[in-house]
Amino acid sequence: MLVAGVDVGSVATKVVIIKDDTFYFRTAPTGWSPRQAGTEVLQDLLSDLGYRKEELDYVVATGYGRVSLGFADKTVTEITCHARGAAYLVPGCSLVIDIGGQDSKAIKIDPQGQVLDFAMNDKCAAGTGRFLQVIAAALGNAVSELSEMAAGRTPLALNSMCAVFAESEVIGLLASGHDKGEIVAGLHHSIARRIASMVGRLGSFDRVAFTGGVARNDSLRQCLESVLGTDVIVPENCQMAGALGAALIARGYCK
Ligand code: ADP
């Protein structure tokens, strides 16, 4: 049995292939064409494993570019796929916080990874990966450096969470001599508070999984722990949760 999950995200395209019980992962930037990115990332991974696309038994597509793929057997929403993938990566979790490039979501799930309830911000860039990319660029740093920059720093109080205004505020703060680390720590705290208010709409929870590309930011994970008052677990392959969920759903159709 050979199946694939393809998550065509706004920033990165992720592919998971399951061959029998072995999982293979691949990611690359989405770029300007979701269709091309999805096709190429899948094709690259298949070629490296020595398979042809025609040999795939089932393909599930998810992510914002899922409908543009064309060749998937089924498209499934990101909420469903992230829930399923996170439940596999962090067994027993009852709340999934996913922060990707263009949205953030909090999903309450049952032990099988079925969605019970969710809250989502996909209306503005505030608190998303794109927001952090804009701020990192304004600071002259890579998004992968933000976690270390903020580590152990006192968070600076910030007024703006709108990506456009926050960028101007950050430039102003730098000009008046504020420390980059304190600015980034302040942004992380603002994001964590926004997420906590989204989580508050969903009621009680036990074990928390943090997924999506932004989950690679450990300082932000620690901020989430402090505002939620509980452990927040980032699994290995946190950015692959949606594609993994899609692949697991694909596998379910083949049994
Ligand atoms: P999408 O599904 O929308 O493409 P992802 O879940 O792939 O989003 O996450 C993309 C986001 O992850 C980027 O906008 C960026 O902010 C963040 N990111 C990517 N790599 C890192 C890293 N090494 N450290 C921290 N954040 C990262």
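A polar contact is a pair of N or O atoms within 3.5 Å. In this predicted model, an oxygen atom of the ligand lies 2.8 Å from a polar backbone atom of glycine 101, and a backbone N or O atom of alanine 12 is placed 2.8 Å from an oxygen atom of the ligand. Arginine 216 takes part through its side chain, where a polar atom lies 3.3 Å from a nitrogen atom of the ligand.

Which residues come nearest to the ligand? Of the 18 residues around the ligand, those that come nearest are Ser10, Val11, Lys14, Gln133 and Gln239.

## Helix α6 against helix α7

Helix α6, residues 180–200, packs with helix α7, residues 218–228, at an angle of about 50 degrees, and their axes are 9 Å apart. Because of that angle, α6 is described as oblique to α7, and the crossing in which α6 passes α7 is right-handed.

On the α6 side, the residues that meet α7 are His188, His189, Ile191, Ala192, Arg193, Ile195, Ala196 and Val199, while α7 brings Ser219, Leu220, Cys223, Leu224, Ser226, Val227 and Leu228 to the contact. Sorted by class, the residues of the contact of α6 with α7 are 10 nonpolar, four polar and one charged.

## Helix α3 against helix α6

Helix α6 also packs with helix α3, residues 129–139, this time at an angle of about 170 degrees and with the axes 12 Å apart. How is α3 placed relative to α6, roughly parallel or roughly antiparallel? An angle over 145 degrees counts as roughly antiparallel, and so α3 is roughly antiparallel to α6.

The contact joins Phe131, Leu132, Ile135 and Leu139 of α3 to Lys180, Val184, Leu187, His188 and Ile191 of α6. These residues divide into seven nonpolar, one polar and one charged.

## Helix α2 against helix α8

The axes of helix α2, residues 78–89, and helix α8, residues 241–254, come within 7 Å and cross at roughly 95 degrees, which means that α2 is roughly perpendicular to α8.

From α2, the contact uses Thr80, Cys81, His82, Arg84, Gly85, Ala86, Tyr88 and Leu89, and from α8 it uses Ala241, Gly242, Leu244, Gly245, Ala246, Leu248 and Ile249. By class, the contact of α2 with α8 holds nine nonpolar, five polar and one charged residues.

Definitions and conventions
Residues are numbered from 1 along each chain as its sequence is written. This is a predicted model: local features need pLDDT of at least 70, side-chain atom pairs count only at pLDDT 80 or more; totals for chains, interfaces and linings use all residues. Side-chain values use heavy atoms; hydrogens and water are left out. Axes are lines fitted to C-alpha atoms, for helices over the stretch in contact, and angles run from 0 to 180 degrees between N-to-C directions. Helices (H or I, at least four residues) and strands (E, at least two) are DSSP runs, numbered from the N terminus. Angles under 35 degrees count as roughly parallel, over 145 as roughly antiparallel, 65 to 115 as roughly perpendicular and the rest as oblique. A crossing is left-handed if the near helix is turned anticlockwise from the far one by less than a right angle, and right-handed if clockwise. Contact means heavy atoms within 4.5 Å. Ala, Val, Leu, Ile, Met, Phe, Trp, Tyr, Cys and Pro count as nonpolar, Asp, Glu, Lys and Arg as charged, and the others, Gly among them, as polar. A residue is near a molecule or strand if one of its heavy atoms lies within 4 Å of it. A polar contact is a pair of N or O atoms within 3.5 Å; within protein, one must be able to donate a hydrogen and the other to accept it, and residues adjacent in sequence count only if both atoms are side-chain atoms.
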